[in-house]
Amino acid sequence: MRINGKVKSNNPLVIEVFGGYKLEVDKLYSFDVKDYKSQRSLQQNAMMWSIINDISKETGQDDMDVYIEGLEHAKVKFDYIMALPETERELRKAFRAVKIMENRNINGKQLTVFKCFYGSSKMDVQEFTTLLEFFINLAGELGINIVTGK
């Protein structure tokens with residue numbers, strides 16, 4: 001939601017809400033209002049990737065394949081994109097994870113269907129918790145001690 005308005009006084013609450021940014025009285029401002037979503041910590045992210053790496057070593061899979069398995073399990077946001085096979089390189093730059101789903105021949109053109117994930121950096125706390133719990137549980141099933149590795 002977009003709100004347009006003016007600051008009518010040097011209200012300290014307004015100053016605090018806007019992180020100390022100095023708002024000029026009677027100047028017109030435009031604000032975007034969204035629900036607040038807490039961000040996870042770098043420590044949580046590092047822990048997730050450490051667990052993924054341990055799982056990869058145990059299963060012989062690539063880290064990214066294990067990550068994609070978790071993203072699918074957590075039902076995170078993704079898009080299907082059908083494009084020429086050589087598009088894969090650019091998609092991998094634009095999306096956190098890309099999975100090739102199938103190849104199709106349409107009107108004599110070879111096309112690939114890609115499942116493109118937005119990745120954990122776009123998740124809210126609950127989505128990331130679901131993803132992290134999946135990896136913790138999988139590590140446990142494989143007998144991996146997630147505190148010290150295996």
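The side chain of Ser 56 makes a polar contact with the side chain of Asp 63, at 2.7 Å. By polar contact I mean a pair of N or O atoms within 3.5 Å; within protein, one must be able to donate a hydrogen and the other to accept it, and residues adjacent in sequence count only if both atoms are side-chain atoms. Please note that this is a predicted model, in which local features need pLDDT of at least 70 and side-chain atom pairs count only at pLDDT 80 or more, while totals for chains, interfaces and linings use all residues. Residues are numbered from 1 along each chain as its sequence is written, and side-chain values use heavy atoms, with hydrogens and water left out.

Ser 56 is placed in helix α2, residues 42-59. Helices (H or I, at least four residues) and strands (E, at least two) are DSSP runs, numbered from the N terminus. Is Ser 56 buried or exposed? Ser 56 is buried, with a relative accessible area of 5%; buried denotes under 20% relative accessible area, exposed over 50%, and partly exposed in between, with a 1.4 Å probe and protein chains only. Leaving aside neighbours within four places in sequence, Ser 56 is in contact with Gln 61, Asp 62, Asp 63 and Val 66, where contact means heavy atoms within 4.5 Å.

Helix α2 also holds Ile 51, which is buried at a relative accessible area of 1%. Which residues does Ile 51 contact, leaving aside its neighbours within four places in sequence? They are Leu 132, Phe 135, Ile 136, Ala 139 and Ile 146. For one of these, Ala 139, the C-alpha atom is separated from that of Ile 51 by 7.1 Å, although the two residues are 88 apart along the chain.

I turn now to the charged pairs. The structure holds five salt bridges, a salt bridge being a side-chain nitrogen of Lys or Arg within 4 Å of a carboxyl oxygen of Asp or Glu. One of them joins Lys 99 to Glu 72, with the closest N and O atoms 3.0 Å apart. Lys 99 lies in strand β4 (residues 97-106) and Glu 72 in helix α3 (residues 63-73), so this pair ties together parts that are 27 residues apart in sequence. Lys 99 is partly exposed at 29% relative accessible area, and Glu 72 counts as partly exposed at 28%. Glu 72, Lys 99 and Lys 115 are linked in a network of salt bridges.

Arg 92 is partly exposed, at 40%, as is Glu 88, at 23%. Lys 93 is exposed at 61% relative accessibility, whereas Glu 90 is partly exposed at 47%.

Finally, the chain as a whole. The protein chain has five helices and five strands, running β-α-β-α-α-β-α-β-β-α from the N terminus on. Of its 150 residues, 27% are buried. Among contacts between residues at least 6 apart in sequence, 58% join residues at least 24 apart.
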